[in-house]
Amino acid sequence: MLTKIIRSNEFIVFLILVFLCLAIGLVNPAFFSISTIFDVLRASIVYFIMALGLLPIIIYGGIDISFVAIAALTSYATHMFLISRGYQGGILLYYIIACGLGLLLGLFNAVLVTRFKLPVFDVSLAAFTMWYGFTLFFVGATANFDLPKGTVGYYANFLVTGVDPLMGETGLHISIIYVVIMGLFIWWLLKYTTIGRGVFAIGGNREVAVRSGFNITFITLVIFAIMGVYSAVAGVTQAFLSRYFNPVIFIGQPLDVLAAIILGGAAITGGRGTVIGTLLGVLVIQLINRALILTGIPVEWQKLVVGIILILFISIPAIRDLRARRIGHTTELIQED
Amino acid sequence: METKPVPSSIQKKSSFLKLGGIIDGQSLLLLGVFITLFIFFGIMENKFLSVRSITSMGYQLPELGVLTLAMMITIITGGINLSVNATSNLAAVVAGLFIVRMIPEGAAPGLVWFFVFLAIVLALLVGLICGILNGFLVGYIGVPPILATLATLTLFTGISTGLTGGATVTGFPDQLSVIGNKPFLGIPIPFIIFVLLTILTYVILYRTTFGFKTRMLGTNPIASNFSGINNKSVLMKVYIISCIFSAITGLLTMSRTMSAAYEYGTTTYVLLTILITVLGNITAGFGNVLNIFIAVLILQILSTGFHMVLLGIRGSSFFKDFSWGVLLILIFIINYFVRGRKAQE
């Protein structure tokens, strides 16, 4: 049992995470503080949610980048719609409307994929361009700071608070609960439902899955609906956390979320992936991005360091596979890239 | 074994195959779309058909075009190169910094040209190195291309950012703008370069052994490996070519805008090149340069066309993104029905 854990991809990511923390902490001990932990977690919340929504699709064997566009369109359109009606209530209605929209947008992709037998990536590429263009042209192109009265203060709604010697009062935002609930749901879905089994089956070998009787169409619709809803939640949450609505939110991020999922052990060709791995992967990427500032590296060189770290980290599993193949230790019957 | 007569549909295919690499069904579709849109915008907006408008399009689209060619060859191997834009910017930044810092004050025009030439060589060298790194990660270590090029994209952008400190490089001598802004026999030079590179890509992919190996690798890496093709070497060369093409794009952009920056284009530019390859029906092992060429033209006229037609309407420059997405989906749906009818023959 222990060997299985140690050999798993997730454990490697965990080690990478620990190594990163130690390395950064060594350079700047201020890293080891409550405020850093809360900060990193707070920044990671929306990425956790998006990655969780994307995970089933990756395991299914598809790659999707439109989730960011869905997040932007649902959150921004919901907001512009509500304030144009003079809405002054709380956050709940935002989530309900956005999730409904997200569900439809997710299904849009799924219908195109199933009805017209199109590759997931191609459809997502079209959707990505379409929805950002749609948002910017038909809804609005400017950031909006008019938050309804009922939502004011939400950004500071903390679950736990602590006092940091350097930074003073900090807290862990309440939306971390969403991550826990949504993460548990995905975990349950993948592990204990037929749909989850189907997702792994389709990702592993689509032909076999079809012949085994899995309802591919239904499964596709479900996982894309989930992706749509999760993206919507992420978009709205991010808007409330940062206190403004951005029509091009996350536009540069889809690949980062994808990288986090794959770093966390999911196979890009599908058939493999875990919730824990995904969460760890997101943490690694977030940690690299945020904590670099603490190391004192000049701003203009930070991206370079991120690049070097990324190259090293993606090479590790690849080299491991390479050596395993040489020795003959493949766990897969066919070589996958 | 008794032989059956060859069905006529297969016979038709083999004669078509002789034109493989130049034209296929998708080309005709794209050509149709292009002509339709051209006429549509020409009717909607007279200025669209003016020499000035067409030549200005001719100056803009080659950058996207060459960058897409860079993306295309990697997609044909079944991989992808997300770092094309970052490589392009890095090449431009390095060449730009070289020109700005190395050319002595008040140098004679001849000397300036010499330095510009050196800068071009330098840019291509940057492309070569970037390609080697990508090729090493993908071919030799075996990192999935999407991850490898994502990491290198960050690395290259990081180098550009570090070298420039975030600022844009400017202050270039006039000689530099010649390539990007001047016509040759009435045709914009960048456009000529784009056409030449398109032909070169075709020749490399369909008229050389190397190209053949590349396409074989794309269709089935395992089979190609067992057929004696050195996958690692092929992939390395493919990524080198891809990054050199990206460097050329960087030079074109630098020449046209007379500046070099680490963030020109951003992530969405890369996605645009992928969108074009999808539009052009490029997949692992199969790809047609004419499709890329026409697809780039289509995107350009959609962009310029809607910009002109919607002039004055708030946010008009964003409609093109929406239209590209819609176009892509329409083409998909059309292809679906065409494929369905072909299967019935």
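In chain A, 77% of the contacts with a separation of 6 or more are between residues 24 or more positions apart, a contact being two residues whose C-beta atoms, placed from the backbone, lie within 7 Å. The model is predicted, so local features need pLDDT of at least 70 and side-chain atom pairs count only at pLDDT 80 or more, while totals for chains, interfaces and linings use all residues. Residues are numbered from 1 along each chain as its sequence is written, and chains are lettered from A and ligands numbered from 1 in the order in which they are written.

Chain A holds 13 helices and two strands, taken as DSSP runs numbered from the N terminus (H or I, at least four residues, for helices; E, at least two, for strands). Its C-alpha trace spans about 65 × 55 × 35 Å along the principal axes, and 46% of the 337 residues of chain A count as buried, that is, with 20 or more other C-beta atoms within 10 Å of their own, whereas 12 or fewer make a residue exposed and values in between partly exposed.

Within chain A, the axes of helix 7 (residues 176–192) and helix 8 (residues 194–204) come within 5 Å and cross at roughly 75°. The two helices of chain A are therefore roughly perpendicular to each other, the term covering angles of 65 to 115 degrees. Helix 7 of chain A contributes A:Leu189, A:Leu190, A:Lys191 and A:Tyr192 to the contact, and helix 8 of chain A contributes A:Ile195, A:Gly196 and A:Val199.

In chain B, B:Val178 belongs to helix 7 (residues 177–181) and is partly exposed, with 13 other C-beta atoms within 10 Å.

Terms used: Axes are lines fitted to C-alpha atoms, for helices over the stretch in contact, and angles run from 0 to 180 degrees between N-to-C directions. Angles under 35 degrees count as roughly parallel, over 145 as roughly antiparallel, 65 to 115 as roughly perpendicular and the rest as oblique.
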